[in-house]
Structures are given as C-alpha cells and as structure tokens.
Amino acid sequence: MADESTPHSGSPGPREPGRTPISRKGLLKGALLAAPVPLLLGGAPALARSLRSPAGEGGRLAPTPYCDDGDDPTPPQMEGPYFKPHSPRRTSLVEPGTRGTPLTVTGHVFGLSCRPLAGVLLDFWQADDDGAYDNAGHRFRGHQYTDGRGAFELTTIVPGLYPGRTRHIHVKAQAPGRPVLTTQLYFPGEPRNSTDAIFDPALLMTVRTVGPGKEATFDFVLDAEGAPPPTTPPPGPGGTWRAGTDYRPGDRVEHGGASYGCLQGHRSQAGWEPPNAPALWRRL
C-alpha cells in the first residue's frame, strides 16, 4: 500500500529545494489547533484535504471540497450490509490482542460556511485484519464526537481486504439537527481502487508511514452552517425527551406525540431531538 503526502497547492510554481509549500488548509488547521475556542472563519480557505493521486487513480485531483465556492459537501456512499447500531462510545477501536498495522486517522469537520463543527457524531466501522466484520459484537466499531474545534481522532488498524472491495473505513457523520452523512474513506495506492465499483477518489485519505504504523488525515465538510438555533421541547403532555440527559441504548422517550427508542448512548443537547437525530433515535 503506497503512502500519499500531498499538500494543497494551486498552480505549481518554483520553490526552494526541500521546502514543502504551506497550504491554506494547513494554515487554517494551525489556527484551529492554537485557538482555545472554536473559530468563526472568514476568507476563502480550502478546508478539506487535497491530494495528488498516485498513478492509476486519475492523475492530479482537484481540492475536494471547498466550503466556500459552491461545491457539494463530502460525497455520500452506500452504507453496505455490515452497519450495526449501538456501537460503544470510544476513540480507539484497538483491543488487547488486536492484530494488524496500527492506524491513526485525524481530521476536522467543517460546515459550508467554513466554520468548524463541534459535537458532530462520527460513527466508524470497518473490517479486521482478515477482512471480516464483527456482526455479533462491536469489534472495530465505535462512535465519538468532534471537540470544540471540530477535530476528531480515531485509533484503529488498517482494515483487511475481502472479495470485491478495496480497503475502506465506513463512517456516519451527523451535525446536531442535520441529516446523517453516510460515506466511506479510502487509502491511496491500493491496487483494487481501480477495480472497486464503489471507490470514489474524492474520499481518499492522506496517508503516511510512521514507524510500524500509518497516519491518515481527512476533513469532512457537512451540509451545515454551524450550531443550530436553540430549540425547546414540544408543548403539551407526553414530551419526555430533555436536553442535557444521558440516554442509553434502549431508552424510550416521547417527543412531538411519537415514541422513540435510543440507538446509541449520548448526552442530549438542543438540536438533537429524536426527529432530528436518526443516528441516535428510531421511531417506534
């Protein structure tokens, strides 16, 4: 599996030997990492990663997507047959005895207005080193939330291959009060990228080798403008859902005259009422 270290650039120009150009995205991320609180960003930064595709993957790719020029958000992909609700909340999918090449995936989640999105639900699932999914338990499954700067970090392994697919990681991403984005992340330089009918080069991560493992980065851009306006529980009797409550899988609430069952443990907040959060609640 080849690695890809690909800073964003516009038209290539002369530069000093051995110097890597700093991308606008890199400057933005530097500001995010240095800031103690979420930033409201102006200007026209390219927020999601851009990359040069290795041979056989379509040549140089355009930056995808820009949050400020009318492009679509991160493209969706099929869920596939192996998604399971009720994944545990955790940032590491590695358990004792885990085999495989260590992999850390980091990045940010942004809205269309170039604002980092805090509290975004990210639910990951993938195959193990042998290319198998755990459909009985929750190995290599877990969800987390972006921090106040819209950042996330996932510790896992490089997923194994299975017939018909290239290497990939599944993810569902949902900003508070917004629809769920279901998509997949891919690895550059994989021979099966050119034969996988589902593969989308716009979803390639940037990957490099670090010691015995891999480090990957990817930035999501969601169809969201930022924090949703505050909401209140519906009027009238029977509304038992409340913001600020710790819900567990299987809990039942009433909201807007309908009953809902909790799919994933979480602390509720305004904007995540059951009708707005299908990744968290199923109507009964």
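Analyst: Start with one residue pair. Leucine 122 has alanine 173 as its bridge partner in S5. Keep in mind that this is a predicted model.

Now widen the view to the two strands. Strand S2 covers residues 121-125, and strand S5 covers residues 168-174. Five bridges join them, and the two strands run antiparallel. Strands of a sheet pair through backbone hydrogen bonds, either parallel or antiparallel.

Next comes the sheet. S2 and S5 belong to an open sheet of four strands, in the order S3-S2-S5-S6. The pairing is antiparallel. Strand S3 (141-145) and strand S6 (181-186) are the edge strands. Each of these pairs on one side only. From one strand to the next, the twist averages 25 degrees.

Return to Leu122 and look at the side chains. The largest nonpolar core has 31 residues. Leu122 is among the members that touch the most others, along with Val105, Val109, Val120, Met205, Phe220 and Leu222. Several elements give two or more residues to this core: strand S1 (102-111), S2, S4, S5, S6 and S9.

Phe220 leads on to the aromatic rings. The whole structure holds 10 aromatic pairs. In one of them, the ring centres of phenylalanine 152 and phenylalanine 220 are 5.8 Å apart. Their planes meet at 50 degrees, so this pair is tilted. Phenylalanine 152 lies in strand S4 (residues 151-157), and phenylalanine 220 lies in strand S9 (residues 220-222). The pair therefore ties together parts that are 68 residues apart in sequence. Both phenylalanine 152 and phenylalanine 220 are buried. They also belong to one aromatic cluster with Phe124 and Phe218.

The rings of tyrosine 247 and tryptophan 281 have centres 5.0 Å apart. Their planes are at 80 degrees, so the pair is edge-to-face. Tyrosine 247 sits in strand S10 (residues 246-247), and tryptophan 281 sits in strand S14 (residues 281-283). This pair therefore ties together parts that are 34 residues apart in sequence. Both tyrosine 247 and tryptophan 281 are buried.

Lysine 172 lies over the face of phenylalanine 83, at 4.8 Å from the ring centre.

How values were computed:
Residues numbered from 1 in each chain as written. Predicted model: local features only at pLDDT ≥ 70, side-chain atom pairs only at ≥ 80, totals over all residues. Heavy atoms only, no water. Phe/Tyr/Trp six-rings, centres within 6.5 Å; stacked < 30°, edge-to-face > 60°. Buried < 20%, exposed > 50% of the residue type's maximum accessible area, 1.4 Å probe, protein only. Lys NZ or Arg CZ within 6 Å of the ring centre and 35° of its normal. Pairing = 2+ DSSP bridges. Axes fitted to C-alpha atoms, helices over the stretch in contact; angles between N-to-C directions. Core = buried A, V, L, I, M, F, W, Y, C linked by side-chain atoms within 4.5 Å.
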